Amino acid sequence: MRTNQPQTIYLSEYRVPAYLVDTVDLRFELFEDGARVHSTLAIRRNPESEEGAVPLELDGDSLVLESVALNGQALAAGEFEDRGDKLIVASVPEKFELSVVTWIEPQNNTRLEGLYKSSGMFCTQCEAEGFRCITFFPDRPDVMARYKTRVEADKSAYPVLLSNGNPIESGDLDDGRHFVTWEDPFPKPCYLFALVAGDLVEKRDTFTTCSGRDIDLRMYVEPRNAEKCDHAMDSLKRSMRWDEDVYGREYDLDIFMIVAVDDFNMGAMENKGLNIFNSSCVLASKETATDAAFQRIEAIVAHEYFHNWSGNRVTCRDWFQLSLKEGFTVLRDSQFSADMGSDTVKRIEDATLMRTAQFAEDAGPMSHPIRPSSYIEISNFYTLTIYEKGAEVVRMIRTLLGPELFRKGSDLYFERHDGQAVTTDDFVKAMEDASGRDLSQFRLWYEQAGTPVLEVADQFDQGQGVYRLTIRQSIPDTPGQADKKPQHVPFALGLLDEHGKALPLRLSVDEQDAPTERVLELTDAEHVFEFHGMTEKPVPSLLRHFSAPVRVHYPWTREQLLFLMSHDPDGFNRWDAGQRLAVDIIQSLVGQPKDTPVDPRLVTAYRHLISDSSLDQALVDKMLQLPSEAYLVELASDADVPAIHAARERVLKHLAIALRDDLVACYRRNAGDGDYAVTPEQVARRSLRNTALAWLLLINDEEGRELALRQFREADNMTDRMGALRALVNSEYEADRDQVLGDFYQRFQADPQVVEQWFSVQAASSVAGRLDKIHALLAHDAFDWRNPNKVRSVVGAFAGQNLSGFHAEDGSGYEFLADQVCRLDDINPQIAARLVTPLARWKKFAPAYRSKMKAALEKVRDKSGLSKDVYEVVHKSLVD
C-alpha cells in the first residue's frame, strides 16, 4: 500500500516562472544501450517574476546526470544539487548559459514518455511532462524557447534523423555514424519538442499555400507500411486548404512531417512541424482499414494540423488551460469533418459520445470543470471533459455570436496572442472584444463541473393562442462543488403542427416574419417563454443540433416521439426522437418477464426507416442503431447491467425477427458496385448492409449465415470483411466463428494494426468474449504488454465494450481488471490509470455489483508502489 500521498497541484498557486529560456541547443548521441543528451540553455531572470534572485530549479525524471556547467565553467559538487526530480543551482547571475549532459536509456522506457524506442526506432512523446525525461529543464508550457537540435546515430541503422523545424546541416561522422541539425525559428514550449531516428520509408508531396508558398510534405513509415500513406497525405492537404478557407490560417514552416509509431500512449501529437502518430491513427488502405478508421484518420490528421495555430503558435500558460488548445481544436476538426461528410451525422456522433461517455465522466468521481482547479497527475486530465465538452463550450460561443463574429473573434485571438502562452480567459476576452457581447456569465462553463439539467414543461392557452414553455435549469453537485450558479445556455428549438409543418416562433403578438427556429438564451434558474399565434398545441422539437451539452427532461409521449421521428425537419432531432423512443421501450422491459410484449410501434417505425430509400441513408443508418448498453447504463440508477443487456438484446431480436425480410432486402439493395471509395454515400451503404447482416445473425438466420460467410470470403475491403467477421463472432454459429477468426488471423498476422482489430472484435463480444477467452488472448503470441494498442484492444475492449461479460455476477470481470491494472502500473502508469476507469463509477451500479467493484478498487489501492497516475483515480473513486 502507498503510504505517502502524492502532491496536489492547484491553479490558485500559479506563479510566473522565475527564469525564462530564450534558446535551447540540443545534441543527441544515440546508441543501442542508451543516449547521451547535451543541452545548452540561454537563461535569464523573468522581469515579471516577483521572486527575485532565487535558485534555479530544473525538472528531471529518470536521468543520470553526467555534468553541469555555468557559462562554460564546470560546476563542482557543492555548487548544484541533483535530487533526481530536480536539478538545483543555488546561485546564478541575471543572464547566463547552462550546459547539462545527461544519460538516458530509451530502450528500457516502457512508460513511453520522453525519448523511447518503438519497433527499433527512436521517438519522443513530451506532452505533458515528458521532456524532463530527456534532460533537466523548466518543464512547463509558459517557458517558450527557440530550439536547435543535432541528432547523431549509426547511419545504417538510423538513416532518417528528424526533429522540429527545418534542416540546416547534415553530414557523416566517424565509425559509420552521421548527423542532421534542425532549427525551429518559432518559440515553443518543451512539450512540443520532437525527435525521430529510424530506418523509415519517406513519402513526399507538396502543398501550395494561399500566398503561393510551396510546402514540402513528408510522411515517414516503416517499409511494411509504405502503401498505407495516401489517405493521410490527402487528409493533410484537405486540412491545410480548409484551415486557410475557414479560419484564414496559413502554414508557417517550409516542411510538414508525419511519422507513424506503433507504440504510443495517445492518438497523435502535434509537435511543431513533426507530428508523431499512433500507427492506428494514420495508416490506412482499403484492405486493412474500415470506413470508420478512414474517417477517424482524416479527423485526427486535421486535429493535429489545426494545432499548428490553436496550440502551437498560441499555447497554454499552464496545464489547467489544456482545454484552451484541445477544446478549440476539437471544434475545428469537428467542423472540418462535417464539411467533408454529413453535418447531421457528425453532430449525432459528437452528441452520442458526449451523452454516453462525457456525461458519465461529469457524474463520476473524477468530475472536473473544463478548466480544472487542481490535479495530482496531469495525464489523468486528458479527458472527454477537456476535449469534447471543451469543444461544445467553444461551439456555444460560436452559436451565441454567429459564424461571422466568431471568425472575427478567432482572428483577434490569433493576432493578439501569437507566440504567447495564454489562458481560457484570454480566449473568451478576444471573443467579447470582437463581438461586443458580455460573456461574463458564460465563463461559468469553464469553472463549474457537471452536466446541466433542463426540466421543460409546457402549457397551451387555447383562448389566447399562446404556447408557454417553462425551462428550469439545475446542475448536480460534483466532488468539491455544490450549490452551482445557472449557466448561460443557448437552447435551439422549433415547434411543429399536427401535420409536421414548422410553425413561426412569435415571442410577441406583433412580431412579423418570425423564424421557425430560434436559439433561446437561458441565463436564470427559470425562464418562461410565450409563443403567440398558435391555433393548436404544437409538438416541441427541443435542443436542436444538440445546441448545448445538457440533459433535457420533457414528458414526450411515444406518439410524439414517433411523430418527430417522421416529421422533424432537424435531422439530429429525428434521430434523437428515435433514441428516446427506444430507450423508453427498453427501460420498460428491464427486469420484466420474458413474455412482456414489445411495443409494436417500434417495428412499424423501423420498417419505415429501413424500407424508404428516399430518405438520407446516412441518417437512416444512424437511426437504426439502438441506444448502446453504455448509454442505457448511464441513464439508469443502481444499474443492473445483465438485466439491461437482456432487455436490449430482446428488443433487438424482436426487431430482427419482425423485419427479417426487410433486412434481407436492405442487404441486397445495398450491395456494392464500382471501386471502393470513402464517400458518405458508400459509407452509408456499407454500414446499412453490415447492420442488416448483424441483425440476421442475431436470430440465427440461415440465409444470413450464408450471406455473411460469402461476404467474408469475397470482400475486397476491410469494412465488409470486418462486418461479416463481427456478425459471425456475435452469432451462435460457433464452428463458423472459429473458422473465420482463424482465417482472418492467418491472412493478416503480419499487420499489427489489423491484429489489434482481431483482438478487439473478440474481446468486445458478449458471445465470444468470455473471461477464459480474454485470458487466452493475453497469452497469444501477438499480444504485447508494452504496446498500448494491444492492451486497449483486449483489456480495454473487454471492460469498456463487453459490459455483460465485465459485469459478471460473480465479480470475476472486476477482479480481472484489477489484476491487469496492477500489472500495467509497473509498465505504463498512464495506460493503467485510463484502464481502471470502468471500476471508478462503482457507486452507479446495483448493490450486488457495487460491493465487488469496490473490493477490486481497494485491491488496486493496496498495491505496493502504486503510481501517482493510478493513485489519483483510485483515491478519488473511493472517497465517500
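Helices α15 and α17 of this predicted model are roughly parallel to each other (a label for angles under 35 degrees, where over 145 would be roughly antiparallel, 65 to 115 roughly perpendicular and the rest oblique). The axes of α15 (residues 660-669) and α17 (residues 702-714) come within 11 Å and cross at roughly 20°, where axes are lines fitted to C-alpha atoms, for helices over the stretch in contact, and angles run from 0 to 180 degrees between N-to-C directions. Helices (H or I, at least four residues) and strands (E, at least two) are DSSP runs, numbered from the N terminus. The crossing in which α15 passes α17 is left-handed, a term for a near helix turned anticlockwise from the far one by less than a right angle.

On the α15 side the contact (heavy atoms within 4.5 Å) is made by R660, V664, Y667 and R668, and on the α17 side by E703, L707 and Q711. By class, this contact of α15 with α17 has three nonpolar, one polar and three charged residues, with Ala, Val, Leu, Ile, Met, Phe, Trp, Tyr, Cys and Pro counted as nonpolar, Asp, Glu, Lys and Arg as charged, and the others, Gly among them, as polar.

Residues are numbered from 1 along each chain as its sequence is written. Local features need pLDDT of at least 70 and side-chain atom pairs count only at pLDDT 80 or more, while totals for chains, interfaces and linings use all residues, and side-chain values use heavy atoms, with hydrogens and water left out.

An open sheet is formed by four strands in the order β10-β11-β16-β13, with antiparallel pairing; two strands pair if DSSP finds at least two bridges between them. Because β10 and β13 (160-163) stand at the edges with a single partner strand each, one side of each is left without a neighbour in the sheet. From one strand to the next the twist averages 20°.

Strand β10 (residues 114-118) is largely enclosed by the rest of the structure, because five of its five residues are buried (under 20% relative accessible area, with over 50% exposed and partly exposed in between, for a 1.4 Å probe and protein chains only). Five bridges join β10 to the antiparallel strand β11 (residues 121-125), and two of the facing positions are tabulated here.

D483 lies in the loop between β26 (466-474) and β27 (489-496), and D483 counts as exposed because its relative accessibility is 74%.
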